[in-house]
Amino acid sequence: MALGALFSAVGLAVDDRILVGAPIWAKPFKFYLSFTAYGLTLAWMLAQTTWGRRTGWWAGNVVVLTALVEMVIITGQVIRGKRSHFNAETPFDASLYTVMGLTVVVLWAATLVIAVLLRTRLADRATAWAIRGGVLIALAGAAVGFLMAQPTAEQRAAGDLDTADVIGAHSVGVPDGGPSMPLTGWSTTGGDLRIPHFVGMHALQLIPLFLIVLVLLAPRIARLRDAELRLRLVRVVTAGYAGLVALTTWQALRGQPLIHPDAPTLMAAGVLLAAVAAGVWAALRTTPGPESVPAQPEPASDSKEFTA
């Protein structure tokens, strides 16, 4: 996937073709980068399991295989000058899109298997919570992709879905390929389901990274040496992150651009922010107990404790 990202970067530099309002190599470039982070994170998480290792090995390789199949199709369609997603222009294009849909379902199921394996008890409870919360939210974010594959209201109203060239969209309320934000390409005139999809998928990295930051700060901030405090903070952030995925999904489904929230969206965001702040305050005001665990315990051969 990393090599594919480099290949796509070259494509961005030398190929000036535009497809659906964006440089034609932008989609594979972003997908390759995303899968690179996704694969590395899942590999690290699988290394934390203490049982079901053979099942985890198979599930991890299924993720690799399905991701490779999807990227071969996406890259091949770019070379042909065709869109990969939602393309029903010809029977061949429709077949490729169907295969992509199947690979996504299998990849999602394999990640769910990994999530089940991560039920294993880890010595550090904050690490266990960060890993499991990240995987579950990532599964929810991935599931948003299934909403994009459904015919839009406009496509249903036009009828003749059996002969339509495009079925499904990532934009809501506006056609794909309209005015968009730089880098991300998210719509600035309508809703965009890629936003909750992106935010949810990367919980896999961001929630464990939050814990890593707490561990790195612990030598300088005495309170963070308390393992129970770190656990409470990770729980608050995980709940807040799940709320953010729900909020961005709700906003997108109402056809509202991320950068132009209406009053209900701002109110919901304010409530979410206040709830997270209250959770952090409640976690910090709790007096640490005598059983507090040091932030960086001595490693042991039979220990699965989190270390920086």
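Confidence comes first. The mean pLDDT of the chain is 89, and 91% of the residues score at least 70. Among the elements of the chain, helix 1 (residues 2–14) has the highest mean pLDDT, 97, while helix 6 (residues 153–158) has the lowest, 84. In the stretch 290–308 the pLDDT is below 50, although this stretch has 38 contacts in the model beyond near neighbours in sequence. Where pLDDT is low, the predicted coordinates should not be read in detail.

The axes of helix 5 and helix 8 (residues 203–217) lie 7 Å apart, at an angle of about 160 degrees. Angles over 145 degrees count as roughly antiparallel, so helix 5 is roughly antiparallel to helix 8. The crossing of these two helices is right-handed. On the side of helix 5, the contact is made by Ala126, Thr127, Ala130, Gly133, Gly134, Val135, Ile137 and Ala138. Helix 8 contributes Ala203, Leu204, Ile207, Pro208 and Leu211. By class, the contact of helix 5 with helix 8 has 10 nonpolar residues, 3 polar ones and no charged ones.

Helix 5 and helix 7 pack with an angle of about 160 degrees and an axis separation of 7 Å. Helix 5 is therefore roughly antiparallel to helix 7. Here the crossing is left-handed. The residues of helix 5 in this contact are Ile137, Ala138, Gly141, Ala142, Val144, Gly145 and Met148. They meet Arg194, Pro196, His197, Gly200 and Met201 of helix 7. This contact of helix 5 with helix 7 divides into 7 nonpolar, 4 polar and 1 charged residues. Ile137 and Ala138 of helix 5 take part in the contact with helix 7 and also in the contact with helix 8.

Leaving out residues up to four places away in sequence, Thr249 touches Val144 and Pro196. Val144 belongs to helix 5 and Pro196 to helix 7, and both are listed in the contact of those helices. Thr249 counts as buried because its relative accessibility is 15%, and the cut-off for buried is under 20%.

Ile114 sits in helix 4. Its relative accessible area is 0%, which means that Ile114 is buried. Apart from neighbours within four places in sequence, Ile114 is in contact with Leu42, Leu46, Ala59, Gly60 and Val63. Leu272 is 158 residues from Ile114 along the chain, and the C-alpha atoms of the two are separated by 29 Å.

Most residues other than glycine have a negative phi. Phe86, which is not a glycine, has a positive phi of about 65 degrees. Phe86 lies in the loop between helix 3 (53–80) and helix 4 (91–117). Leu183 likewise has a positive phi, near 70 degrees. The loop that holds Leu183 runs between strand 3 (171–172) and strand 4 (191–192). Which of these residues is buried and which is exposed? Phe86 is buried, at a relative accessible area of 4%, whereas Leu183 is exposed, at 85%.

Terms used:
Residues are numbered from 1 along each chain as its sequence is written. This is a predicted model: local features need pLDDT of at least 70, side-chain atom pairs count only at pLDDT 80 or more; totals for chains, interfaces and linings use all residues. Side-chain values use heavy atoms; hydrogens and water are left out. Axes are lines fitted to C-alpha atoms, for helices over the stretch in contact, and angles run from 0 to 180 degrees between N-to-C directions. Helices (H or I, at least four residues) and strands (E, at least two) are DSSP runs, numbered from the N terminus. Angles under 35 degrees count as roughly parallel, over 145 as roughly antiparallel, 65 to 115 as roughly perpendicular and the rest as oblique. A crossing is left-handed if the near helix is turned anticlockwise from the far one by less than a right angle, and right-handed if clockwise. Contact means heavy atoms within 4.5 Å. Ala, Val, Leu, Ile, Met, Phe, Trp, Tyr, Cys and Pro count as nonpolar, Asp, Glu, Lys and Arg as charged, and the others, Gly among them, as polar. pLDDT is the predictor's confidence in each residue, from 0 to 100. Buried means under 20% relative accessible area, exposed over 50%, partly exposed in between (1.4 Å probe, protein chains only).
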